[in-house]
Amino acid sequence: MPSGAGRAVCEVYEVHPERVEVARAALPKEEVLQEATLLLKALSDPTRMRLLLALKAAGELCVCDLALLAGVSVSAVSHQLRRLRQARLVAFRREGKQVYYRLADAHVARLLELALEHAEENT
């Protein structure tokens, strides 16, 4: 295989300033970029995806329910839920000693739908 085959190679160095400016103007503020990165990192784990998909389907589940569904310990689910809360993907409510989790909003449900739709294109 020749060197560079299969990779995008810029054979002619040429800058397109108008395109660069359009792209630069479309970039979000650094804080928004950091939040989006945190969100995508939180989605990058299969167990967290299972938890989110279970919440999308059921609406609201407690930690014990989620542990059973995900096939991991309650402690492991709690750890994963902490990451999902930090990324603002889940919300919770307390009822006595029981804590119930749900998707934070409709955007999260849409993100999950789009991720699965995109993944299914390649299978």
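The legends below describe close-up views of a predicted model.

**Conventions for all views.** In this predicted model, local features need pLDDT of at least 70, side-chain atom pairs count only at pLDDT 80 or more, and totals for chains, interfaces and linings use all residues. Residues are numbered from 1 along each chain as its sequence is written, and side-chain values use heavy atoms, with hydrogens and water left out.

**View 1. The whole protein chain.** Six helices and three strands make up its secondary structure. Helices (H or I, at least four residues) and strands (E, at least two) are DSSP runs, numbered from the N terminus. The order of elements from the N terminus is α-α-α-β-α-α-β-β-α. The radius of gyration is 20 Å, well over the 14 Å that the globule rule gives for 123 residues, so the chain is more spread out than a compact globule. That radius is taken over C-alpha atoms, and the rule is 2.2 Å times the number of residues to the power 0.38. The C-alpha trace spans about 65 × 40 × 25 Å along its principal axes.

**View 2. Surface and charge of the protein chain.** The chain carries 17 positive and 16 negative charges, and their mean positions are 9 Å apart. Lys and Arg count as positive, Asp and Glu as negative; His and the chain ends are not counted. Each charge is placed at NZ of Lys, CZ of Arg, CG of Asp or CD of Glu.

**View 3. The open sheet.** Three strands lie in the order S1-S3-S2, with antiparallel pairing. Strands S1 (61-62) and S2 (90-95) stand at the edges with a single partner strand each, so one side of each has no neighbour in the sheet. Pairing requires at least two DSSP bridges between two strands.

View 4. Six bridges join S2 to S3 (residues 98-103) in the antiparallel sense. Glu95 has Gln98 of S3 as its bridge partner. Arg93 stands opposite Tyr100 in S3. Two residues separate the strands, and Gly96 takes a positive phi near 65°.

View 5. Thr47 belongs to helix H3 (residues 46-58). Its relative accessible area is 18%, so Thr47 is buried. Buried means under 20%, exposed over 50%, partly exposed in between (1.4 Å probe, protein chains only). Apart from neighbours within four places in sequence, Thr47 is in contact with Ala70, Val72 and Gln80. Contact means heavy atoms within 4.5 Å.
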